[in-house]
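Work through the exercises below with the sequence and the model open. Each task is followed by a solution in steps.

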Number of protein chains: 2
Amino acid sequence: MITVEVINTGSELLLGQVTNTHLGFIARELFKLGLRVDRQVTVPDGAAIRGAMSEGLARSSLVIVTGGLGPTSDDLTRDFAAELLERPLRLNQAVLTKLTDYLGRRGYGVSELTKRQAMVPEGGEVLPNDYGTAPGLVMTHRNVGDPPHMPDHVLILLPGPPRELKPMWTTYVMPWLRTHLEMQVMHQRTWRVQGVGESRVQELLEQALRELHDFEFGYCARPGEVDFRLISPDQAALTRADAVVRGILADAIYAEDEESMEQVVVRQSVAAGKTIATAESCTGGLISNRLTNVPGSSAVLQAGYVTYSNTSKTRELGVNPALLTTHGAVSEPVARAMAEGARRLAGTSLAVAATGIAGPDGGSAEKPVGTVWLAVADETGTHSVRRKLSTDRETFKLMASQVALDLLRLSLKYGAARLVDGHGAAPTAAVAGRP
Amino acid sequence: MITVEVINTGSELLLGQVTNTHLGFIARELFKLGLRVDRQVTVPDGAAIRGAMSEGLARSSLVIVTGGLGPTSDDLTRDFAAELLERPLRLNQAVLTKLTDYLGRRGYGVSELTKRQAMVPEGGEVLPNDYGTAPGLVMTHRNVGDPPHMPDHVLILLPGPPRELKPMWTTYVMPWLRTHLEMQVMHQRTWRVQGVGESRVQELLEQALRELHDFEFGYCARPGEVDFRLISPDQAALTRADAVVRGILADAIYAEDEESMEQVVVRQSVAAGKTIATAESCTGGLISNRLTNVPGSSAVLQAGYVTYSNTSKTRELGVNPALLTTHGAVSEPVARAMAEGARRLAGTSLAVAATGIAGPDGGSAEKPVGTVWLAVADETGTHSVRRKLSTDRETFKLMASQVALDLLRLSLKYGAARLVDGHGAAPTAAVAGRP
């Protein structure tokens with residue numbers, strides 16, 4: 001069993017000036033090899049690096065350190081590694097030559113400081129840096145009698161800049177790991193679930209799935225939705241699980257793995273040759289903004305109307321002023337008129353509309369803050385739903401846009417007229433459990 | 001000397017499915033109190049949390065744990081804290097009532113699972129969760145004879161979802177820390193600078209400011225802009241510095257501290273009694289979306305037009321088809337016509353327009369990906385600028401929307417007709433130094 005620890009060094013990470021993207025990259029890459037990061041530590045530049053490396057080597061069989069390989073005085077990772085594994089640092093001619101060439105091409109000479117980057121701990125394997133000066137290093141620490149394929153401990157040192165670390169990882173680290181480490185490949189599957197709470201998903205699924213196989217369960221909750229993840233070395237078990245999960249959650253599953261709701265909607269629209277228009281009041285352009293984040297969406301989204309004022313609802317979308325005065329801007333008739341108006345005026349296959357009270361002000365007893373009416377219109381007809389999203393303004397907009405995109409997704413599948421309270425015609429256990 | 005450790009829990013972080021944004025947020029907030037994070041650890045859900053908490057409490061005086069407070073089986077942070085500090089968990093009626101109300105308003109009952117969130121370790125202080133179900137907790141572990149203002153160890157448990165953690169931090173954790181921890185107060189001042197690079201800002205300011213006072217400098221670069229921060233215990237020195245900074249950067253400074261560009265535009269529009277319309281092609285609704293993120297923006301934004309297709313540019317904004325055929329959709333005349341059309345049709349004081357090539361496809365030799373034309377129109381006239389933003393699709397949209405909002409900000413100050421290449425009429429050193 002290989003245990004993995006990632007040590008990210010750099011005071012800027014602990015001051016909140018830079019976000020750590022190395023962990024995610026390394027974790028996703030290691031997962032391809034069936035390896036999991038068991039622990040990650042961030043320490044400032046300087047002596048704390050030594051402590052973290054020494055703890056890491058005691059605890060984990062694979063320790064990956066990022067940063068602190070540069071030429072400056074606070075770049076001490078290389079020295080600490082040599083010290084901890086008791087390997088003297090020696091000037092590596094090959095590295096020095098590469099360094100001299102690299103700097104020479106840019107019109108620089110090699111100073112004593114930069115020369116430090118050519119120092120390699122005895123027995124260390126150099127990972128060439130094709131995009132910078134500081135090479136990476138692999139050091140293995142093996143006890144007598146360890147099986148040849150499995151060193152006792154592996155220490156990998158990588159440069160801090162992402163544009164240097166990533167290519168070095170792909171070109172040199174991955175092949176090294178594939179040849180040197182024996183691993184059990186793990187598989188995972190993630191279902192993205194819209195409109196069902198985290199605990200509800202657990203109630204619905206865990207029992208049935210535990211009977212099926214000893215899965216590792218994972219949940220990642222976001223506003224109004226949750227990612228449900230299963231992990232197992234048994235690919236076939238995951239395939240069997242998929243049938244169970246889909247049987248229970250059905251249409252509440254809007255995507256798998258990393259795909260976003262807007263990517264699903266654009267992909268399905270392109271496949272079906274459909275076009276879309278948006279009519280937004282409370283979401284203020286977020287729906288069209290999300291759709292247009294997807295490359296190729298220009299083939300799908302024809303027009304978006306951000307009709308924030310009543311006047312513009314009438315002027316841009318032809319909403320009957322009588323509807324606005326009788327029912328108010330946040331009402332079912334207005335949401336439907338907005339969707340139908342947008343579809344008619346833009347001449348698209350589908351149109352979706354959202355009108356609600358984002359808050360913090362503007363609520364009433366009858367229509368409290370968080371109330372939103374959404375409608376989707378297509379050639380089969382118009383479907384409208386009411387939701388109450390009690391949260392902050394921006395999250396309200398995000399959740400409302402997610403429901404709107406989900407209405408488009410389901411209309412593309414069933415036709416708007418066949419939806420029931422914003423869901424596929426056949427209510428599932430998950431749906432039935434909703435308010 | 002208070003040592004701080006942040007423990008982020010969640011397998012999704014170590015699987016690389018979610019990027020850790022909590023560390024940066026907490027680090028920046030603690031900095032306001034003169035505290036720095038000495039160490040950060042990420043551990044998966046489950047037993048590893050206990051180990052990390054126990055190590056953290058041994059090593060640091062303030063330990064902040066995020067995540068693992070939810071209702072599901074892998075939410076164990078609360079239980080481990082109770083176990084480590086030897087405080088029995090008791091059902092907290094106040095929390096249970098709040099939980100019941102919260103779920104009741106959403107039409108849910110309280111299941112046995114969700115009830116776990118109402119369990120509070122004896123002596124723990126509850127941090128209310130105004131945006132979710134799981135409350136936070138503060139636990140202090142004091143040895144006999146510790147000074148009352150400074151507990152030996154402070155353990156703070158916070159929920160994982162950012163939209164729950166951030167308001168809880170601001171509303172409840174910061175006041176708690178201010179009252180309970182003794183700290184040297186540091187003052188800081190941050191100027192948000194648009195359209196001037198980080199190194200250019202450094203060239204322009206650092207020398208002059210070093211002569212003024214021994215400040216600590218901070219930079220936080222974002223696409224197309226940078227936050228310049230000065231830190232000092234001497235409030236008066238910061239006030240003197242402000243005059244120097246504003247003298248040099250002038251209109252390139254769009255805000256101070258945390259205020260966003262959209263907040264500035266809405267605030268200034270409300271103050272001036274002006275209204276706004278948006279005409280968006282490449283930004284796809286991002287400009288209106290950002291404006292409508294600001295509470296009270298409904299008084300300002302009257303209408304937004306997302307005219308993605310040429311047809312909709314003509315139909316919605318009355319752009320002359322001849323302009324589109326002669327100059328193409330991404331051109332100065334079309335940008336100007338979009339802004340003027342939006343202003344005329346919506347009858348607003350100002351309108352801003354953006355048309356460009358977000359990519360990854362659609363570029364040409366003459367108009368490469370990243371090319372964008374922006375225009376702002378008001379009663380004084382119309383001003384248009386061209387920018388080349390070579391980056392990924394979403395960053396392109398973000399940067400283009402930032403330039404568009406900046407055009408609104410400067411038009412509100414000078415009038416569109418008096419702008420020079422998207423800047424105030426009087427070019428500053430910073431502006432003059434721009435490409």
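**Exercise 1.** State what percentage of the residues of chain A count as buried.

Solution. Buried means under 20% relative accessible area, exposed over 50%, and partly exposed in between, with a 1.4 Å probe and protein chains only. By this cut-off, 58% of the 435 residues of chain A are buried. The model is predicted: local features need pLDDT of at least 70, side-chain atom pairs count only at pLDDT 80 or more, and totals for chains, interfaces and linings use all residues. Residues are numbered from 1 along each chain as its sequence is written, chains are lettered from A and ligands numbered from 1 in the order in which they are written, and side-chain values use heavy atoms, without hydrogens and water.

**Exercise 2.** Compare the radius of gyration of chain A with that of a compact globule of 435 residues.

Solution. The radius is taken over C-alpha atoms, and the globule rule is 2.2 Å times the number of residues to the power 0.38. The rule gives a value near 22 Å, whereas chain A has 28 Å. Next, take the spans of the C-alpha trace along its principal axes: about 85 × 55 × 40 Å.

**Exercise 3.** Locate B:Val196 and decide whether it is buried or exposed.

Solution. Helices (H or I, at least four residues) and strands (E, at least two) are DSSP runs, numbered from the N terminus. B:Val196 sits in the chain B loop between β9 (187-194) and α8 (198-212). Its relative accessible area is 5%, so B:Val196 is buried.
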